[in-house]
Amino acid sequence: MPVPILRVEDLKTQFFTSRGVVQAVDGVSLHVNEGETVGVVGESGCGKTMTALSILRLVPEPGRIVSGHIWFRDRDVTKMDVEQIREFRGNDVAMIFQDPMTSLNPVTRVGIQIEEAMTAHERFSARDALGRVVPLLQRVRIPAADRRKEDYPHQFSGGMRQRAMIAMGLANEPSLLIADEPTTALDVTVQAQIVTLLKQLNRELGTAIMLITHNMALVASICTRVIVMYAGRIVEEGPVGQIFKNPQHPYTWSLLRSVPRVDETRRSRLVSITGLPPDLVRLPPGCKFHPRCAFRVDRCSEDEPSLEEVGDRQVARCWVLMRNVPQEAAKELEAVTISQEAAQELKAVSELEEAADGS
Amino acid sequence: MAVPMPSASLELQHDWDVPEQVGLWTDVWRRFRRNRLAVGGAVIVVILILDAALAGVLVQLGIIQDPIKQHVETSLAGPSAQHLLGTDYLGRDTLSRLMFGARISLSIGILVQGIYVLIGGTIGLIAGYAGGRVDNLLMRFTDIWYAFPDLLFVLVLVSVFSPSLLSIFVAIGIVNWVNLARLVRGQVLSIKEKEFVESARAVGSSQIKIVLRHLVPNALGPVLVTLTFGIPAAIFLEAALSYIGVGIQPPTPSWGVMIQDGYQAIYASPLQVAFPGIAIAITMLSFTFIGDGLRDALDPRMRR
């Protein structure tokens with residue numbers, strides 16, 4: 001029986017701006033088990049990062065956690081005082097950020113920054129902390145770690161900086177590492193290295209990983225479970241294999257269709273999700289995805305569905321569910337999008353040819 | 001977004017992959033050294049400092065003359081072998097007085113910066129880091145302070161304390177810390193939003209550590225430049241005060257006092273105004289060049 005180390009219950013995080021109340025996280029409940037790898041996916045602005053920042057109580061002004069509980073083992077993070085929360089960050093749950101270029105202090109040596117992450121807590125003495133820097137850097141595969149620890153961040157490449165960030169995150173052996181888009185700022189080969197590294201660290205150290213990303217491929221290669229978020233709420237959740245094979249929420253389905261694939265034939269076109277994510281100050285009534293949903297029914301604009309079990313350990317928040325959509329209807333949608341795009345491309349080509357003839 | 005594939009081994013780098021170790025300040029020094037004007041300024045400043053430090057010893061050794069001793073019979077003499085830069089209206093050796101004057105000017109110029117850092121730096125740091133109401137309160141206080149006309153303010157303060165080196169030094173410091181407070185606050189405001197500060201928070205660093213390790217070192221560059229530019233400004237202010245007569249009191253030689261003395265006999269011997277004037281100009285220019293050089297050297301966009 002897996003033991004949950006983190007349980008988020010009905011979390012609501014809101015930003016009080018001059019435009020109104022932004023409901024960044026709206027009633028999210030989730031859990032992470034010991035040693036588990038969970039992916040949290042969704043478009044920009046769907047509340048993934050804010051959920052993560054809420055867990056560490058790092059929500060920036062003018063935002064604040066309005067209600068809900070965050071249980072780490074048997075302690076409620078939302079009730080911790082300043083000193084407890086400082087001790088909690090890095091020690092129990094650590095977070096690494098999107099941009100490794102700006103996440104390290106440019107005027108301090110890398111080794112010192114990693115050491116600092118340890119001396120901030122009581123787990124390691126000052127001497128142990130110093131001694132652990134090189135093994136940590138080696139663990140994240142920094143070559144010549146004993147000398148590279150003397151480097152400044154600008155002397156590190158992007159991938160190395162992200163690895164140094166991971167070393168910093170792991171310095172106090174937290175039980176959970178939250179990685180917020182850890183590969184977005186890196187190029188593809190380096191991404192692959194970071195992915196491999198995260199997987200290895202999860203296996204070797206048993207650190208649970210919560211991976212926040214919009215990259216479905218990344219989720220598929222690391223995670224065992226995936227949580228799909230939209231407009232500050234969870235719309236679907238389940239084991240990775242199941243979600244990828246049988247997505248039930250139209251949003252998940254569309255997300256998966258919008259990922260380019262190397263193995264696909266040249267004829268097939270990418271499907272994009274029409275429209276934009278909703279304004280979090282004025283959310284639409286009913287299902288928050290219905291204005292962009294191709295399969296909506298009347299009810300979708302009136303009632304908001306709740307998360308219902310739709311399969312083995314799989315839940316989705318939808319009145320329709322993809323399994324009830326006839327295959328042909330889904331195919332047709334792809335065909336329509338494809339023909340539109342094909343027409344545009346043809347037009348572009350003919351314009352180019354005309355331009356070439358003219359010159 | 002393409003599909004990331006698990007990669008091959010990560011450990012294929014060798015020793016020659018490790019670039020030369022260059023620290024931030026080593027790098028800054030390298031770029032500073034390439035700026036000829038700045039280096040020239042630095043050399044002159046070093047000479048001035050040496051001269052100010054050694055002036056007393058040089059008098060004892062008899063290499064230069066006593067700056068206070070009067071020789072009325074040779075007053076307003078032109079440059080000669082005995083008095084390289086001539087004498088003033090009381091027959092005192094101008095070269096010697098200039099060298100002693102450097103003591104006053106440099107010590108005021110540099111020490112006043114310490115007061116700026118103490119008052120302005122602290123207020124700016126607290127305002128920027130605390131933000132919100134504290135920031136508002138401190139910055140409005142700063143604005144009010146700024147609204148007083150500086151020269152008048154210094155004049156009032158100096159006359160209250162009675163003119164002396166210490167009172168001038170304190171008065172200039174108390175009046176002019178405002179710019180530094182604003183600069184530091186601005187720096188801190190922008191740095192505290194940087195991701196590395198957030199990631200320091202995310203690993204559980206304490207507030208004090210974040211301020212001392214992350215905010216202060218990253219704000220240092222622009223602060224250093226401003227302080228360097230502040231030195232000539234303070235020197236100039238001291239000269240102005242001494243010229244008006246509320247600064248350094250005669251017979252102690254200061255460049256401002258010397259201009260005032262020379263002014264009394266400007267038609268008889270214009271050189272006696274020109275020499276201290278030139279000294280002030282050279283000193284100010286040197287510090288300005290150093291400031292320029294530092295600013296360029298600290299600017300990452302100048303990195304080549």
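**A walk through the two domains of chain A**

Start by colouring chain A by domain: 4-223 is domain 1 and 248-358 is domain 2, with bounds taken from an automatic or database domain assignment. Next, select where they meet: the contact uses 12 residues of domain 1 of chain A and 7 residues of domain 2 of chain A. Two residues count as in contact if their C-beta atoms, placed from the backbone, lie within 7 Å.

Stay on the domain 1 side and pick strand 2 (20-33) and helix 8 (216-222) of chain A, the elements that each give two or more residues to it. Strand 2 of chain A has the largest share, 5 residues. Helices (H or I, at least four residues) and strands (E, at least two) are DSSP runs, numbered from the N terminus.

A quick word on what you're looking at: this is a predicted model, where local features need pLDDT of at least 70, side-chain atom pairs count only at pLDDT 80 or more, and totals for chains, interfaces and linings use all residues. Residues are numbered from 1 along each chain as its sequence is written, while chains are lettered from A and ligands numbered from 1 in the order in which they are written.

Now zoom out to all of chain A, which has 11 helices and 12 strands. Among its contacts between residues at least 6 apart in sequence, 65% join residues at least 24 apart.

Last stop: centre on A:Ala164. Which residues is A:Ala164 in contact with, leaving aside neighbours within four places in sequence? Show A:Leu104, A:Val110, A:Ile114, A:Ile142 and A:Phe156, and you have them.
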